[in-house]
Amino acid sequence: MSLLSIQGLKVAFQTRRGSVDAVRGVSLEIDKGEILGIVGESGSGKSVTSYALMRLLDRNGSITGGALSYGGIDLNSVRESTMRDLRGREISMIFQNPRAALNPIRKVGHQIEDVLRRHSRATRSNAKAEAIKALEAVKIRDAEARYNAYPFELSGGMCQRVVIALALACDPKLLIADEPTTGLDITTQKAVMDLIAELIAERSMSAMVITHDLGLAAQYCDRIVVMKDGEVVEEGSAERLFTAPQHAYTRKLVDATPRAGAGIRALLPAEQRTPEPVLPVSDTPLLEVRDLVKTYQGKSGPVHAVKGISFSVMKGQSVGLVGESGCGKSTTSSILVRLADPTSGEILFDGEDLANTPAKNFARDPRRAKIQMVFQDATDSFNPRHTARHSIEEPLARLGGLSRRERKERVGELADLVGLPRTLLDRFPHQLSGGQKARVGIARAIALEPEFLILDEPTAALDVSIQAIVLNLLVDLRAKLGISYLFVSHDLHVVRLLCDYVIVMRDGEIVEEGPAAKVMQTPSHAYTQELLAAAPVPPALQEPASSAAE
Amino acid sequence: MAGRLSTIGVRITHAIPVILGVVVVSFLLTRALPGDPAVYFAGAAADEESIAEIRTALGLDKPLYEQFIIYAGDVATGDLGNSLSTGQPVLEDLANRLPASLELTLTALLLSCSIAIPLGVLAATRPGSAVDHLCRVLVTAGVSLPTFFTGVVLIYVFYYLLGIAPSPLGRLDFIYIEPDHVTGFYLIDAAIAGDWETWLGALKQLVLPAATLALFTLAPLARMTRAAMLSALSSDYIRTARAAGLTEDKVLFTYAFRNALLPVITTLGMVFSFTLGANVLVEKVFAWPGIGSYAVEALVVSDYAAVQGFVLAMALLFVALNLVIDLTYTLIDPRIGFETK
C-alpha cells in the first residue's frame, strides 16, 4: 500500500468574482521511500494540492471533493487536533523564500525547540541539545553558535537548512518541499537539494518535490507528475517524460527547458521554430570598460563590490555577465546604465567616457537614449497607475522629440515589434500576464532605438514556456535592430543560448571570460566548472525526425 | 548586550540637541505671544509708570539675548522661575500637577490597552465575526466622539442620573485627606500609607476621567492591533509554524502576537505623548488639577515662566518616552540594535 494516496482531489477558492476551482480532480500516490516530483507552471495548482493535503489552505479555500489518505488515515475527515499532531511529526513541509518562512524575531534554535517540544521529542532539559543535533543533521557548521542566531543573521541557503532542520526534527515520514530552492543561487540550490536527497535516503522517507524546474525534478525525483490548470496531464519517470513525452503540454515544457545541446529555437514548440537569424558581430567595440571599481561605505568598513574589472562589448555582440548573488554583476550593470557612479574607472561608449558625467546628470545627457535597460521584475518596474501605452510612451515623450500623433504611431510599431497585441496597450500592469509585462518592458527599453541594452535577468520570474518565447524575441530583436546586449543572469543555460561571449564574475572580479561555447564546454576556472556542475542536467531529449527543420 | 548598551548611549546623546532646541524655541515662542505679562501683573488700575517699573523688575526691558542668557543660566541650575499667576516656583507647580496628569493618563492607557489589545487580537483571528464588528463599532465611536462630550455624558449618567460616581471635582473628595507625598500618584501614595479608604476615594474620582480618555485612546490601539495581527497571521513564518504542527496558542501568541506588538508599541507611544499634552479638555471637565489645564491658564495670561516650564517638562517627558519605546523595541526585535551600529 502506498504511503500517501490522493484520489480525485478538488479544491475551490471563494473570491469576489465567485468560486474558482484551483484543483480539479487530482489523483496521485507516493510510495514509501519514493520521491515524487510535481511539475507545472504558475497557476497549475501544484502548491494548492500540497496545502490541501496538509489542510493549510487559506481561509477562503476549501476541499470540495476527493479523498486524501495517509497511511490509512483519512486526512480529509480527521479532527483538526489530530491533524496538528500529524503535521511536523508525520508530514512536514519546507517552503520557498526560507528567510520569510522563519519567525524573524525568534532565535532559530528556539524555533526548532518549539517543534521538538510540541511533538514530545524533547523535554525542557534536553531541548537545546536536541535542537543543536537537528541543526548538525542539516550540516550547519558551528551549530551551537547558530542556535542563538536570528534568521536575518543567516544567508538564504543557511535559512533553508534551518527550515529543513525544523521540518525534519521530529522524523516525519513524508516531506513536502514547495519550490525549496527558488530564489537561491545555483550552487546553493545544488547543496540544498543534495542535502534533502541525502537526508531522505538516510531516513528512508518519502518526499513530494514541487517545482517549476523540470531539470531539477528530473535530477532528484523517481517519478514526476506534470500538472496544468489544476489537473494531472502526465505521469512517469523523469527519463520517460524527457525522452518520450506523451502529452502535448509535457512536450512543450520539455522543449522549453534550456539544456545542453539545444539551440534557442529548440525551446519553442516544433511548429513555431523558424530558422535562427544571422547575427553579425563587428570588431569595433561599442562599449569598453576599463578598471571599473565600486566601493561602498558599509557598516563595518568599506565594501568592495567591483574590484577593477575591464571588458568590451563589440557592436552587435551579446555578452553574458554571469555570477551568483553578491558577485557585483548588478552593481556593474547599474553603473553601466548610469544609474550609479563608479568609484573609479572608465566607461568608453563609442570612444567617449561616460563616467565623466555624474549619474544624476545623465538623464539629461544626449547619450541617455542610447543605453537602456530591461529590468528583472516586470511588475515592480512599472508604475501601477500607468497603462502599457503610457509606460512605453514615456521615454519617447521625454527624449524622442516626437509629436503626440507620431508617438502614438511609434508605440503601435513597438508593440508589433515585441509581439504585444495592440489591444492590450491600454491595460494596466496588473491586467497583464507575466509574459505580456516582459514584452512591455522590452518595448519601453527599445523605444528610443538604443545601441546598447542591458538585460537584468529579464526572464527570471517567468514560467519556462514564456521564458522560451521571450528569449527568442530577444534574439529576433537583436537581428532586426542590431542592438548590443549585456545579459546579466545566474542561469548558465540561458546565457549560452543568448550570448556570443561570457564573463563570469565572483566577489567583484572577473574569473573567466571567453566565447560562450568555449566557456560552457571547456571551462578553465574551477568556479565556472562548479557553476556548470551545479546546474541540473535534464536527460537528453530525443528529437523526433519531424523537427529536423532546425 | 554591549551592542544594546551602546544603542542606549547613542539614543541618549541624540536627545541632547533636541532638549537644547526646545529651550530656545520655547523661549522665543513665549516672547512671540501676544499680551504683556507686566500689564497683567500690574493689575487693572495700573498706570504707565508702574507697568514700566514692573517690567524692569521682571527684567523684560532687557534685550532679548540678555533675557535668554539669564533664562538659560537659570534653567541650567534647575530654576524655572516663579509663576506670575500662582506666585509659586514653576518647578513646584509642575511637581504638584504633573503626577496628577500622569496618573490619569497612565490609568487611562492601562485601561484602554487591556481592552484594545485583546479586542484587536480577537477581531483579527475571527474576521467578519461579531467580535470583529464590535471592534469596528468601538473604534468608530472612539474616533468620532470628542472627549469633552463623552466626559459630560459619563458625568450625566453616572453622577447625576445614577449617583454612583462622586462629584467630578478633582482628584479627591474634600472629606479625605491627601496622602503623604511620595510619588504624587494618589493611588500609590495611599497604598504605601496603607490608607485604603483614601485609596478607594481616589480611585472613584479617577474612574470617570480615565474611562473618558480610555475610550478615546482605545480606537487607534485596537485598530493597529487588529491590522498588525492580520498581517502577522498571513505571513510565511506562521504557515511554517502551522505546518510544523505547533498549537494554535503557540502560533497566535509566541509567533504572531510578538511580531504584531512592534507597530502596536509605536502607536502606544504616539497615543501616550499625544494624550498627556492634549487632555486639557478632560482635565477641565473633571476639574482635574493636571498639567494641561495649568499650561492653558498660564498661556492665557502670558505667564512666561510657567509656559516655558511646561514646554520644557513635556519635551523631557517625550524624549524619555521615546527612549523607553526604542528600548522596548530592541528588547522585542533583535534586528534593531544591529542596524543602528
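Modeller: Happy to! This is a predicted model, with local features needing pLDDT of at least 70, side-chain atom pairs pLDDT 80 or more, and totals for chains, interfaces and linings using all residues. Residues count from 1 along each chain, chains are lettered from A, and side-chain values rest on heavy atoms, without hydrogens or water.

Helix α5 of chain B covers residues 90–125 and helix α6 of chain B residues 130–144 (DSSP H or I runs of at least four residues). Their axes, fitted to C-alpha atoms over the stretch in contact, come within 8 Å and cross at roughly 135° on a scale of 0 to 180 degrees between N-to-C directions.

At the contact (heavy atoms within 4.5 Å), L119(B), L122(B) and A123(B) of α5(B) meet V131(B), D132(B), L134(B), C135(B) and L138(B) of α6(B). Seven of these residues are nonpolar (Ala, Val, Leu and Cys among that class), none is polar, and one is charged (Asp, Glu, Lys or Arg).

α5 of chain B also supplies at least two lining residues (an atom within 4 Å of a point) to the second largest pocket, an open set of 1 Å grid points for a 1.4 Å probe, with protein on both sides within 12 Å along at least five of seven lines. Other contributors include α1 (46–54) of chain A and α9 (196–233) of chain B. The largest share, four residues, comes from α10(B).
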